[in-house]
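Please read these points with the model open beside you. Each takes up one part of the chain or one feature of its surface.

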Amino acid sequence: MLSRKKTFIILSFIAIYVFWGSTFLWNKIAVTKLPPFMIGGMRFCTAGLLIFALAAALGHSLRISWKQLGNSILAGILFLSVGNGVFVWALKYIDSGFGSLIASMYPLFTILIMMLVQKRKLKKMTVFGVILGLCGMILLISQRELAVEPNFWLGVGLAVTAIFSWSCGSLMVAQVDTPKNHFVSTAYQMTAAGLILILASLVIGEEWSSPLNWQSRTQIAMLCLVFFGSIAAFSAFNYLLKNVATEKVTTSAYVNPVIALFLGWYFLGEKLTTQSAVAAAILITGVYFINTGRSKNKAENMRSGK
């Protein structure tokens with residue numbers, strides 16, 4: 001019989017694999033009927049307030065310093081306002097499965113920023129993973145049958161911008177002072193990002209509508225984004241970071257695109273080309289080598305006392 005901790009770990013992995021993988025489908029369904037910034041604003045404000053309530057119920061202090069607040073707002077912008085809000089905008093022009101493959105380039109972009117900006121020295125395995133990732137990216141976006149779709153390249157550009165922003169946020173958060181408790185930190189980031197997306201939505205003149213007037217399919221998609229994609233998956237992610245090795249948590253980068261591709265094909269009738277399948281295999285293999293190289297480098301630093 002499984003122990004309580006092992007059961008929580010298994011359920012948490014299912015959450016970050018399936019729930020995060022399914023967010024591409026839910027976002028695609030929502031953005032076909034609703035404006036993208038309104039979706040993000042409503043989703044993150046709702047989830048942020050609920051996580052605030054959860055953190056308070058668990059006895060965590062919600063007080064943070066002004067510096068932590070500023071860093072949380074910046075992280076929210078990079079991760080969610082741009083990293084998610086712009087990505088949802090991109091899904092107006094590209095399939096959810098295709099978008100998930102672009103999102104799988106997140107570890108690749110992070111490593112490239114570390115190489116070019118931070119001048120980090122990388123292991124051979126990591127460099128090999130970067131090369132594979134670049135090859136997969138080129139193969140993925142060079143498909144002629146996809147390029148003829150209206151605004152295809154706009155969608156690709158928006159998605160790449162969003163993932164680049166997420167990568168910058170990851171490197172920033174690792175180096176700045178943010179609230180120590182993950183629930184509190186996530187709540188501030190989500191709420192700040194939601195408010196910024198609402199403001200952006202109003203500034204550009206998006207047409208708002210009441211959730212009561214949405215189609216049932218759109219209502220279900222938004223509820224899944226709030227409760228499964230935001231609250232459950234982020235909570236599971238934070239739990240796993242405390243209880244299992246980080247490199248095991250990053251395996252979601254391999255599984256999420258597979259889940260997204262299958263759901264997009266099954267529910268939305270999205271086509272998976274042979275070139276996309278090959279590109280996906282190359283990309284995911286590259287991500288594997290990148291994460292393997294990073295975990296080995298981390299272990300060596302720990303042994304050397306760095």
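1. Basis. This is a predicted model, in which local features need pLDDT of at least 70 and side-chain atom pairs count only at pLDDT 80 or more, while totals for chains, interfaces and linings use all residues. Residues are numbered from 1 along each chain as its sequence is written, and side-chain values use heavy atoms, with hydrogens and water left out.

2. Record. The unreviewed UniProt entry carries the annotation "domain: EamA" for residues 8-141 and 154-292; such annotations may be inferred rather than shown by experiment. Residues 8-141 are 79% helix and 0% strand, and the end C-alpha atoms of this span lie 38 Å apart. Helices here are DSSP runs (H or I, at least four residues), as are strands (E, at least two), numbered from the N terminus.

3. S276. This residue lies in helix α14 (residues 274-303). S276 counts as buried because its relative accessibility is 5%; buried means under 20% relative accessible area, exposed over 50%, and partly exposed in between (1.4 Å probe, protein chains only). Beyond its neighbours within four places in sequence, S276 is in contact (heavy atoms within 4.5 Å) with L101, L140, Q143 and L146.

4. Y254. Helix α13 holds Y254, which is buried at 17% relative accessible area. Apart from neighbours within four places in sequence, the contacts of Y254 are I284, V287, Y288 and N291. Y254 and L283 are 29 residues apart along the chain, yet their C-alpha atoms are separated by 8.9 Å.

5. Cysteines. How many disulfides (pairs of cysteine sulfur atoms within 2.5 Å) does a search of the whole structure find? The search finds 0. For C224, the nearest cysteine sulfur is that of C45, 19 Å away. C224 is buried, with a relative accessible area of 9%, whereas C135 is partly exposed at 41%.

Notes
Disulfide = S-S within 2.5 Å.
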